[in-house]
Amino acid sequence: MTDAGDPTTDGRTAESAVLTSDATWCDRCGADATAGPHPGCATARVLEPPRYCGHCRRRMRVQVLPVGWSAVCVEHGERRG
Amino acid sequence: MPEILDQARTQVLGDGVGLDQAGVLAVLTLPDEHVPAALQLAHEVRMRWCGPEVEVEGIVSLKTGGCPEDCHFCSQSGLFTSPVRSVWLDIPSLVEAAKQTAATGASEFCIVAAVRGPDDRLMKQMREGVAAIRAEVDIQVAASLGMLSQEQVDDLVEMGVHRYNHNLETCRSYFPNVVTTHSWEERWETLRMVRESGMEVCCGGILGLGETVEQRAEFAAQLAELDPHEVPLNFLNPRPGTPLGDRPVVEGKDALRAIAAFRLAMPRTILRYAGGREITLGDLGTRDGLLGGINAVIVGNYLTTLGRPATDDLKLLDDLKMPVKALSATL
């Protein structure tokens, strides 16, 4: 399960993993995501959960489980992958 | 055929006696063209002294991040600018994670916490969590909670934890370059207590921390001296914000050399693929390692990073005709 508007369905698709459709910040490195793609982050995100909220850049509380992960932003709620 | 492989065929395959540090170094420095022969021999050693079964394990982080230690590879240290935040897993989620792991056919479930050593709160969480898992899930429970006191060792035994992981991470001579907040000897002391308690000892480390190939051989020899039940073999996955965040990943050929060398140093141990294999070896290299001495895998995700889907690993084992070790075989 992912955020509404997140094109990722399984958390493992590199090109779509970093940015939610209306994200301002890269959810891996926390840098500005509007200036251009982050190909390195996109590749890495195939094997990593998100760490930053794409909407507000807050560091999220992330729990990795044997199957899937949960990432919680105090302002924007939970994402799951 | 290089002399070291002839020697290993007689000594390790024939007699079950592992290579010493010099022998391991000779394997680690084999020319590329001899790596397949080393892997083949390591596979024969594994099949002869361990058998065809592969032990499957899942792991989960009970307490993530905020660790006071400075292990330079670790994104969970509170001393670095890593984006990993502190978070605790509740008991129902822990049990669910154990169920997810058991559903893969795994016989092992390891509960891990990012701490120097457990405090009363963590031990209480462990006691409740292990009891809940044992009540609902048919799986062996292991733990990795850092350095222990004798009382904590005894408590874990009483809880029913059957294996304890405490990695030495690297060889004694290189350890101060990787960790400064505690010593290699302190880790060794915990391992000694665990062994004497009757729990199985799980101890391995990470390759690619900047150690030399000689230090890699030193590490294998020190592990062989410890003679752990299991050796998890990790390859550095450089984590952003950590002191080793910019290190290169281990070359695939070097990783395969290490797998063969560690198997030839420890013919009877459970040699487990742990973190980093996805980026170091990829799918093809993962297969090569399983045919080169590895006889255990962590399936699914790791503590802060993701792994291959468990189904991919299980399919690979099926393709290789390597049966998953049944839970009954571990009891």
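Q: How many bridges join E9(B) to strand E10 of chain B?
A: In this predicted model, E10 of chain B covers residues 296–298 and runs parallel to E9(B). Within E10(B), Val297(B) is the residue opposite Tyr273(B). The number of bridges joining E9(B) to E10(B) is two.

Q: Which residue is the bridge partner of Leu233(B) in E9(B)?
A: Strand E8 of chain B, residues 230–235, pairs with E9(B) in the parallel sense over four bridges. The partner of Leu233(B) in E9(B) is Tyr273(B).

Q: Are the residues of strand E9 of chain B, 270–273, buried or exposed?
A: In a regular strand, side chains alternate between the two faces of the sheet. In E9(B), Ile270(B) and Arg272(B) point one way, and Leu271(B) and Tyr273(B) point the other way. For all of these residues the class is buried.

Q: Why are H1(B) and H3(B) roughly parallel to each other?
A: Helix H1 of chain B spans residues 3–14 and helix H3 of chain B spans residues 35–49; their axes come within 10 Å. Angles under 35 degrees count as roughly parallel. H1(B) and H3(B) are therefore roughly parallel, as their axes cross at roughly 5 degrees.

Q: How many residues of the contact of H1(B) with H3(B) are nonpolar?
A: From H1(B) come Leu5(B), Ala8(B), Arg9(B), Val12(B) and Leu13(B). They meet residues of H3(B) including Leu41(B), Glu44(B) and Arg48(B). The contact has no polar residues and three charged ones, and the nonpolar count is eight.

Q: Which strands of chain A stand at the edges, each with a single partner strand?
A: Chain A has an open sheet of three strands in the order E1-E2-E3, with antiparallel pairing. The twist averages 15 degrees from one strand to the next. One side of each edge strand is left without a neighbour in the sheet, so the strands asked for are E1 (61–64) and E3 (77–80) of chain A.

Q: Which residue in E3(A) stands opposite Ser70(A)?
A: Strand E2 of chain A, residues 69–73, pairs with E3(A) in the antiparallel sense over four bridges. Opposite Ser70(A) stands Arg80(A).

Q: Which element gives the most to the side of chain B that touches chain A?
A: The contact involves 20 residues of chain B and 16 residues of chain A. Strand E1 (55–64) and helix H4 (91–103) of chain B are the elements giving two or more residues to this side of chain B. By class, this side has nine nonpolar, nine polar and two charged residues. The top contributor, with four residues, is E1(B).

Methods. Residues numbered from 1 in each chain as written. Chains lettered and ligands numbered in written order. Predicted model: local features only at pLDDT ≥ 70, side-chain atom pairs only at ≥ 80, totals over all residues. Contact = placed C-beta atoms within 7 Å. Nonpolar A, V, L, I, M, F, W, Y, C, P; charged D, E, K, R; others polar. Pairing = 2+ DSSP bridges. Axes fitted to C-alpha atoms, helices over the stretch in contact; angles between N-to-C directions. Parallel < 35°, antiparallel > 145°, perpendicular 65-115°, else oblique. Buried ≥ 20, exposed ≤ 12 C-beta atoms within 10 Å, placed from the backbone.
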